[in-house]
Amino acid sequence: MNYPSSLQRMIDFFKLFSGVGEKTAERYVFSMLDLEHSKLDDFCASVNDMKNDISVCPICGCLRDKNKCMVCDDDSRNKDIICVVENKKNVYIFEKLGVFRTKYHVLGGLISPMDGINPEDLAIGSLINRINSENIKEIILALRPGIEGNTTSLYIRKLLKDTDVKVTQIAQGVPIGADMEYLDSLTLEMALENRSEIS
């Protein structure tokens with residue numbers, strides 16, 4: 001027996017989420033059916049608010065809420081340092097540590113010619129522009145260890161080799177190929193604290 005079309009549509013939508021398969025999507029939909037109408041209304045309103053209120057900051061690449069960027073509009077942050085990360089989610093991972101109150105710059109990926117991702121496909125040019133215009137003293141490369149992360153780090157370092165900007169990277173206690181979101185907070189904190197300058 002097939003599901004009613006409206007249920008099947010919801011199942012198909014949930015399956016679009018990373019890590020959600022058929023059975024998990026079905027569980028989500030049946031859980032929603034058990035919610036009170038007011039809760040479902042709140043859920044729909046939240047999805048709509050997220051769509052309308054959340055956008056990407058054109059300066060740092062982080063998420064902003066109602067055109068207010070939690071990074072660029074925060075005057076309490078260290079304005080001399082930019083922490084460079086692969087994606088927007090990584091910003092929140094480092095923020096939860098509460099170790100550094102720096103600026104961020106989201107690259108939107110890592111250099112990977114095998115996957116057709118070249119330097120011009122990433123926000124590297126805007127990073128260099130920010131470094132020059134904002135008088136940045138240090139950038140911390142907090143990128144996923146591995147071939148792509150190392151290639152991206154070396155490329156950025158090469159662009160900055162004739163400048164006075166200090167280029168550091170998080171300590172290599174982070175396992176090769178590890179996704180930042182699956183690392184425990186202590187590992188990440190130590191990796192940041194023990195960052196080293198790239199020569």
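1. The side chains of E95 and R77 are joined by a polar contact of 2.8 Å, a polar contact being a pair of N or O atoms within 3.5 Å, where within protein one atom must be able to donate a hydrogen and the other to accept it, and where residues adjacent in sequence count only if both atoms are side-chain atoms. This is a predicted model, in which local features need pLDDT of at least 70 and side-chain atom pairs count only at pLDDT 80 or more, while totals for chains, interfaces and linings use all residues. Residues are numbered from 1 along each chain as its sequence is written, and side-chain values use heavy atoms, with hydrogens and water left out.

2. R77 and E95 also form a salt bridge, with the closest N and O atoms 2.8 Å apart; the term covers a side-chain nitrogen of Lys or Arg within 4 Å of a carboxyl oxygen of Asp or Glu. The pair links distant parts of the chain, since R77 lies in the loop between β3 and β4 and E95 in helix α4, 18 residues apart. Both R77 and E95 are buried, that is, under 20% relative accessible area, whereas exposed means over 50% and partly exposed in between (1.4 Å probe, protein chains only). Salt bridges that share partners join D74, R77, E95 and R101 into one network.

3. R101 counts as partly exposed because its relative accessible area is 38%.

4. Beyond its neighbours within four places in sequence, E95 is in contact with M70, R77, F100, R101 and Y104, contact meaning heavy atoms within 4.5 Å. The helix that holds E95 is α4 (residues 88-97); helices (H or I, at least four residues) and strands (E, at least two) are DSSP runs, numbered from the N terminus.

5. Which residues of helix α5 (residues 124-133) are buried? They are I124, L127, I128, R130 and I131, and, seen down the axis of α5, they fall within an arc of 160°, so they line one face of the helix; the arc is that of the directions from the helix axis to the C-beta atoms. The buried residues of α5 pack against β4 (78-85), β5 (102-106), β6 (138-141) and α6, while N129, N132 and S133 are exposed on the other side. Just after α5, N135 takes a positive phi of about 55°.

6. V165, in the loop between α6 (147-159) and β7 (166-169), is buried, because its relative accessible area is 10%. Not counting residues up to four places away in sequence, V165 touches I131, I136, K137, E138 and I139. V165 and N132 are 33 residues apart in sequence and 9.5 Å apart in space, C-alpha to C-alpha.

7. For the chain as a whole, there are seven helices and eight strands, and buried residues make up 38% of the 199 residues. Among contacts between residues at least 6 apart in sequence, 56% join residues at least 24 apart, and a search of the whole structure finds eight salt bridges.
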